[in-house]
Amino acid sequence: MIRFGLLVAVAALSGLAALWWSTAASRTAGGTASGRKSKAGGKPNVVLFLADDMGYGDLGYSGHPTSRTPFIDNLAQNSRFFTHFYVPPVCSPSRASLMTGRYQVRSGIYPIVFTADSVYGLPTNETTIAAMLKPQGYKSMAVGKWHLGVGAENQYLPTNHGFDEYFGIPYSNDDCPCKICLPNEGPCTDPVPSCFPENVACPLFSNTTIVEQPVDLPTLTQRYVDHAINFIQRTVADGDPFFLYMPFNHVHHPHFASASHEGMNARGLFGDALAELDWAVGQVLKALKDQSLDDNTIVWFASDNGPSLMQHERGGSAGLLRCGKGTTWDGGVRTPAMVRWTGVITPGRSNALVSSMDILPTIAAYTGGNVSALTLDGMDITSVIQDNEVLGPRDFLAVYPEFPDKAQGPFAVIHGKYKAHFWTEGKFIADHENYDPMCRPSHPLTKHDPPLLFNLHLDPGERYDLSGEEKYSDEIEMIRTWLAEHIASVDWMEPLTGATDPRVQPCCGDVNCEPFPECCVCQA
Ligand SMILES: *[C@@H]1O[C@H](CO)[C@@H](O)[C@H](O)[C@H]1NC(C)=O
Ligand SMILES: *[C@@H]1O[C@H](CO)[C@@H](O)[C@H](O)[C@H]1NC(C)=O
Ligand SMILES: *[C@@H]1O[C@H](CO)[C@@H](O)[C@H](O)[C@H]1NC(C)=O
């Protein structure tokens with residue numbers, strides 16, 4: 001009886017929310033009573049937090065027993081939380097898909113990732129979320145780990161991709177010499193070699209200028225927070241709508257944390273880094289609340305890919321999902337994600353098949369952005385966000401590997417609750433000692449015909465292959481047909497990550513300074 005009463009109350013509430021939503025939507029479109037003076041007609045602000053290498057099982061919200069993530073857990077409670085949110089399996093391709101709403105092969109962001117000495121970056125003719133928002137009057141800032149290239153002329157940094165401002169390290173902190181990238185851990189083994197003694201010290205950029213090299217990692221996250229809040233305050237004072245993109249260095253290895261977080265968590269240094277990430281998210285959310293921006297700001301949170309399992313007990317957790325970063329199993333390509341818009345989005349969980357590529361077109365739908373000239377793979381998922389029960393608009397999603405090759409195409413295809421693996425390959429980052437032999441690097445590139453088939457709603461761990469059962473043959477045929485059409489419809493750009501030159505590494509001194517790279521040192 002009590003349960004029935006609750007149901008009625010919930011139904012009434014969601015009716016109210018729908019009404020509220022239509023009011024908010026017309027308010028946004030009409031641009032009158034937004035509660036704030038805005039030159040751009042009351043358009044909502046957008047904040048996009050991105051964690052690095054944070055797995056499906058890492059949050060307190062998703063059940064990790066010793067993680068402490070109260071701010072993100074609270075955000076999740078007040079958001080549409082996506083249980084089936086997909087990303088590419090490693091950093092640079094994931095950020096390319098997120099920023100452009102397109103499969104990474106279209107923009108050439110493969111194989112694996114950009115490094116300190118990469119010559120290229122995200123092509124400047126790609127349209128990022130910031131570039132899409134610019135004609136709508138938005139001011140945009142990126143604070144954190146960009147990882148879409150730097151370039152000899154800094155031509156690939158965020159400031160050349162639609163962002164007005166940038167502050168951060170443009171690539172992974174393990175791409176630095178180990179005495180700097182592992183301030184607390186001594187040797188260059190964590191537990192496998194990961195840092196690069198021959199590289200320049202990690203640079204910290206403000207716009208296109210290196211302001212500190214090597215960066216002081218323990219104070220970095222506090223400074224990210226200060227820059228983000230300062231940007232919000234300045235932009236709101238100017239009456240402009242803003243887009244804040246905050247891709248954290250946490251929780252990529254080697255792990256670090258400020259003095260106030262280090263040694264404070266049962267989960268060791270990973271737990272400290274995660275708690276500091278959570279604290280930073282909490283600080284920015286508090287700044288929004290303090291400025292009464294909650295009901296006029298869309299807040300997204302996601303992670304770029306699954307956990308780096310080669311870090312063993314010192315790394316992240318994919319929870320109940322199979323394998324981790326680098327693989328096309330769900331542990332590598334499915335991460336926690338959520339979106340909050342206070343007073344507009346009714347909190348709840350959605351099992352819809354969604355992708356990081358959907359964020360650009362969805363922001364466009366909420367802000368009036370014009371995407372008609374873009375070739376997008378992402379979809380407007382406002383229907384999913386507004387209603388727990390809506391499973392559309394996406395039926396199928398292709399899952400590309402770390403080393404995409406036209407000879408194989410996507411390794412896997414997801415169709416609603418089914419996932420078919422046409423190819424599998426184990427990965428070093430998914431741990432050479434993994435208890436699951438499929439994840440290990442000793443599992444070679446393998447073709448599956450028929451594809452391995454899993455029901456993700458019943459079997460999220462991808463343990464029970466259904467492909468041998470006759471009753472699934474129609475499902476497999478549907479997936480095959482879609483895959484053939486998909487392959488025919490996607491134009492690949494030549495791969496851009498492979499070209500390297502030690503002298504294009506970011507150096508705060510003269511580009512020809514000696515001895516290189518030790519001469520690349522500047523302190524603020
Ligand atoms: C960007 O330019 C390259 C090289 O001219 C071209 O191949 C690619 O299709 C362009 N991309 C877009 C999104 O226009
Ligand atoms: C970065 O660029 C923006 C936009 O041009 C400018 O307002 C800001 O002052 C710059 N920041 C720094 C630290 O130079
Ligand atoms: C959107 O962009 C397209 C192509 O650039 C243009 O033709 C169209 O007029 C634009 N639509 C609006 C509503 O501005």
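Predicted model: local features only at pLDDT ≥ 70, side-chain atom pairs only at ≥ 80, totals over all residues.
Around ligand 3 we find Asn370, Ser372 and Ala373, where a residue counts as near a molecule if one of its heavy atoms lies within 4 Å of it. An oxygen atom of ligand 3 is 2.4 Å from an N or O atom in the side chain of Asn370, and an oxygen atom of the ligand is 3.2 Å from an N or O atom in the side chain of Ser372. Taken alone, ligand 3 exposes 360 Å², of which the protein buries 24%, with accessible areas taken from the Shrake-Rupley method with a 1.4 Å probe.

Residues are numbered from 1 along each chain as its sequence is written, ligands are numbered from 1 in the order in which they are written, and side-chain values use heavy atoms, leaving out hydrogens and water.

Let me turn to the cavities. The structure holds three of 30 Å³ or more, a cavity being a set of points on a 1 Å grid over the protein atoms alone where a 1.4 Å probe fits but cannot get out, with lining residues having an atom within 4 Å of a point. The largest has a volume of about 120 Å³, and among its 14 lining residues Val87, Pro88, Tyr103, Ala398 and Val399 lie nearest its centre. That lining divides into eleven nonpolar, three polar and no charged residues.

The second largest cavity, at about 60 Å³, has a lining that includes Phe114, His147, Tyr171 and Val504, and by class this lining has six nonpolar, five polar and no charged residues.

Definitions and conventions: 1 Å grid on protein atoms, 1.4 Å probe; cavity = no way out; pocket = protein on both sides within 12 Å on 5 of 7 lines; lining within 4 Å. Points joined across faces, edges and corners; volume = space filled by probe spheres on them. Nonpolar A, V, L, I, M, F, W, Y, C, P; charged D, E, K, R; others polar. Polar contact = N/O pair within 3.5 Å; in protein donor to acceptor, adjacent residues only side chain to side chain.
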